[in-house]
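The structure comes next, followed by the terms and the details.

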Amino acid sequence: MSIRLTVAQALVRFLAAQYTERDGERRRLIAATWGIFGHGNVAGIGQALVEDAERMPFHQGRNEQAMVHAAVGYARQSNRLSAHAVTTSIGPGATNLVTGAALATINHLPVLLLPGDTFATRPADPVLQQLQLPHTGDVSVNDCLRPVSRYFDRIGRPEALVPAALAAVRVLTDPAETGAVTLALPQDVQAEAYDWPEEFFAERVWRVRRPSPDEAELDAAVAAIARATRPLIVAGGGVRYSGAEEALHDFAALTGIPVASTQAGKGSLPHDHPQDVGGIGHTGTAVADHLARTADVVIGVGTRWTDFTTASGTLFGHPDVRFVNLNVAAFDSHKLAALPLVADAREGLEQLHSLLEPHHVTEHYVHEYAEEKLRWRNRVDAAYATPDEDARPTQAQVLGVLDTLVDGSDILINAAGSLPGDLHKLWRTRSTDQYHVEYGYSCMGYEIPAALGVLLAAPGRPVWALVGDGTYLMNPTEIVTAVQERLPLRLVILQNHGYASIGGLSEAVGAERYGTDYRHRDAEGTFTGAPLPVDLGANAASLGMRVLRPRTVRDLREALADARAATVPTCVYVETETADTVSGPPPAQAWWDVPVAETSTRPSAVKAREEYDRHVTARRRHL
């Protein structure tokens with residue numbers, strides 16, 4: 001039996017019949033499609049979505065990059081068991097996908113990209129928005145998506161869709177390989193009819209694997225951990241995506257091993273768990289970074305070991321430190337010359353648990369990190385403190401006020417600026433999915449669209465997008481989508497009149513905050529006058545949001561409580577007190593490598609280079 005449909009109609013029907021299953025939980029794989037239509041997809045995918053509107057829900061976006069961010073937010077909140085597709089026209093619509101695709105792939109989060117493409121049959125050459133290269137005729141702008149996609153294919157013939165679609169879904173559902181998947185769709189092929197085998201449209205369940213560790217690797221890991229006197233666990237995003245939080249809780253409680261977390265892993269344990277010592281690395285806590293410097297065995301669970309986590313190779317200072325890396329991806333398991341434990345995070349932790357049952361760290365070690373954790377909590381309390389309720393709040397005080405209002409149902413979203421560092425050091429996570437900071441790509445403009453994806457995945461929960469003024473200016477367009485879809489986005493805009501985070505870094509490396517302030521400058525580049533007369537609250541209101549404008553800490557407390565209870569998109573627009581710092585938290589507890597000019601006539605750069613040379617000598621390669 002065959003069914004005659006266009007390529008686009010067949011693809012939509014196929015996607016609507018794909019499911020994931022893990023631990024008996026079955027989910028629709030592609031739960032909806034985001035789209036902006038142009039001549040490259042309106043008559044193909046656009047018509048197919050109209051035809052199958054009941055099978056495939058549709059969300060209208062305003063910016064192609066933002067649509068990918070929304071899809072990524074949905075996938076992360078769904079623990080990668082459900083995802084969204086994104087369709088665009090050829091040309092700028094397609095190239096606008098590249099940033100979002102890179103973010104998805106770097107963070108191992110599934111999203112299906114369906115950009116239109118130029119004609120496969122080449123009836124005219126060139127057509128509108130076609131890239132012409134004198135040395136080849138088979139390249140389009142969609143080829144920009146190849147290096148940022150985990151799988152890429154161009155559907156040049158109708159019958160090629162069958163193997164390509166199956167391969168695309170295989171990658172989307174693979175816990176080790178998932179990321180952005182691109183199927184480029186020439187606009188003439190989209191509209192071409194074909195007789196499809198009926199089996200292509202049958203419901204298909206893709207079981208998300210939980211691979212168990214190799215016995216020899218497990219024995220080696222157990223032996224290394226059993227010998228350790230100062231072990232430390234570093235929890236990454238793989239803990240969350242495996243649903244391994246309970247297994248980590250039990251393992252840490254059984255062994256007494258403290259648990260630090262990366263940006264993606266924060267929330268693996270709640271902040272008040274005895275073994276939770278907070279964020280690690282350049283944006284980490286003093287207690288976690290101290291334990292890292294003295295650890296003799298470091299157990300990485302689901303982490304990619306980025307430079308922020310390792311403090312650019314300067315953090316793990318014990319002369320005999322060894323790493324054990326539990327990761328579903330072999331590529332990440334072998335980093336830092338580790339003993340690899342290639343397995344699902346939950347499976348690996350449970351097996352380590354069973355084999356290490358008699359093992360527990362010393363009471364002295366437990367007392368040491370418990371005392372340091374208490375000292376850090378007091379430093380957080382000091383940063384959050386609001387002694388003057390009638391003063392303008394600092395950024396840290398904004399987080400402190402929010403901390404008093406939320407519970408485990410709230411979800412916080414952030415990606416860029418100074419906020420990721422403040423949140424990693426200060427925020428007290430109350431649930432496994434409360435902390436949503438995208439720091440693999442740290443993409444300005446991620447927060448607002450990602451919040452929409454999270455709201456779609458977790459309806460009824462308070463979802464907060466926390467953004468600085470620089471990030472807001474990058475990508476506010478999906479506010480309109482929130483209004484259209486009646487999604488109660490809670491947006492907090494922190495106005496400090498400049499790129500505060502990169503401004504602080506600029507000053508530290510001798511670049512003197514040049515080009516990072518929103519104030520007027522004279523011909524010599526010197527700041528002059530007051531901040532630019534920019535009103536981002538008015539902009540948010542013009543896009544359809546309800547806007548609250550607190551002036552003081554007291555006002556802020558009322559505004560955030562109002563926003564949390566709101567049922568319509570609501571913005572809290574607050575000018576923060578910056579004084580001489582970006583915010584009020586403790587400074588970085590570990591170094592981060594940003595190379596400084598080796599020669600300069602500017603005294604600030606000369607001084608910064610001296611500091612750089614001092615730090616770089618501590619870097620080591622773990623071999």
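Contact means heavy atoms within 4.5 Å. Helices (H or I, at least four residues) and strands (E, at least two) are DSSP runs, numbered from the N terminus. This is a predicted model, in which local features need pLDDT of at least 70 and side-chain atom pairs count only at pLDDT 80 or more, while totals for chains, interfaces and linings use all residues. Residues are numbered from 1 along each chain as its sequence is written, and side-chain values use heavy atoms, with hydrogens and water left out.

**Helix α10**

Helix α10 spans residues 245-255, and Glu245, Ala247, Leu248, Phe251, Ala252 and Thr255 are buried there; buried means under 20% relative accessible area, exposed over 50%, partly exposed in between (1.4 Å probe, protein chains only). Viewed down the axis of α10, the buried residues fall within an arc of 160°, so they line one face of the helix; the arc is that of the directions from the helix axis to the C-beta atoms. These buried residues pack against β12 (231-235), α9 (237-242), β13 (259-261) and α14 (345-355). Just after α10, glycine 256 has a positive phi of about 75°.

**Strand β6**

In strand β6 (residues 83-88), 6 of the 6 residues are buried, so the strand is largely enclosed by the rest of the structure. Ala83, Ala85 and Thr87 point one way, and His84, Val86 and Thr88 the other way. In a regular strand the side chains alternate between the two faces of the sheet.

Two strands pair if DSSP finds at least two bridges between them. Strand β4 (residues 30-35) runs parallel to β6 and is joined to it by 5 bridges, with threonine 87 of β6 as the bridge partner of glycine 35. Strand β7 (residues 111-117) is also parallel to β6, through 4 bridges, and here valine 86 stands opposite leucine 113.

**The six-stranded sheet**

An open sheet of 6 strands has the order β19-β18-β20-β21-β25-β24, with parallel pairing. Its edge strands, β19 (435-437) and β24 (546-548), each pair on one side only. The twist averages 20° from one strand to the next; axes are lines fitted to C-alpha atoms, for helices over the stretch in contact, and angles run from 0 to 180 degrees between N-to-C directions. Between β24 and β25 (residues 570-575) there are 3 bridges, and arginine 546 has threonine 570 as its bridge partner.

| Helix | Strands touched or crossed | Angle |
|---|---|---|
| α18 (residues 447-457) | β18, β19, β20, β21 | about 175° with β20 |

**Cysteines**

A search of the whole structure finds 0 disulfides, a disulfide being a pair of cysteine sulfur atoms within 2.5 Å. For cysteine 443, the nearest cysteine sulfur is that of cysteine 144, 17 Å away. Cysteine 443 is buried, with a relative accessible area of 6%. For cysteine 571, the nearest is that of cysteine 443, at 20 Å. Cysteine 571 is buried at 0% relative accessibility.

**Aromatic pairs**

The structure holds 12 aromatic pairs. Rings of Phe, Tyr and Trp (its six-membered ring) pair if their centres lie within 6.5 Å; planes under 30 degrees apart count as stacked, over 60 as edge-to-face and the rest as tilted. Tryptophan 305 and phenylalanine 323 form an edge-to-face pair, 5.6 Å centre to centre with 80° between the planes. Tryptophan 305 lies in the loop between β15 (297-301) and α12 (307-310) and phenylalanine 323 in strand β16 (residues 322-327), so the pair ties together parts that are 18 residues apart in sequence. Tryptophan 305 is buried at 8% relative accessibility, and phenylalanine 323 is buried at 1%.
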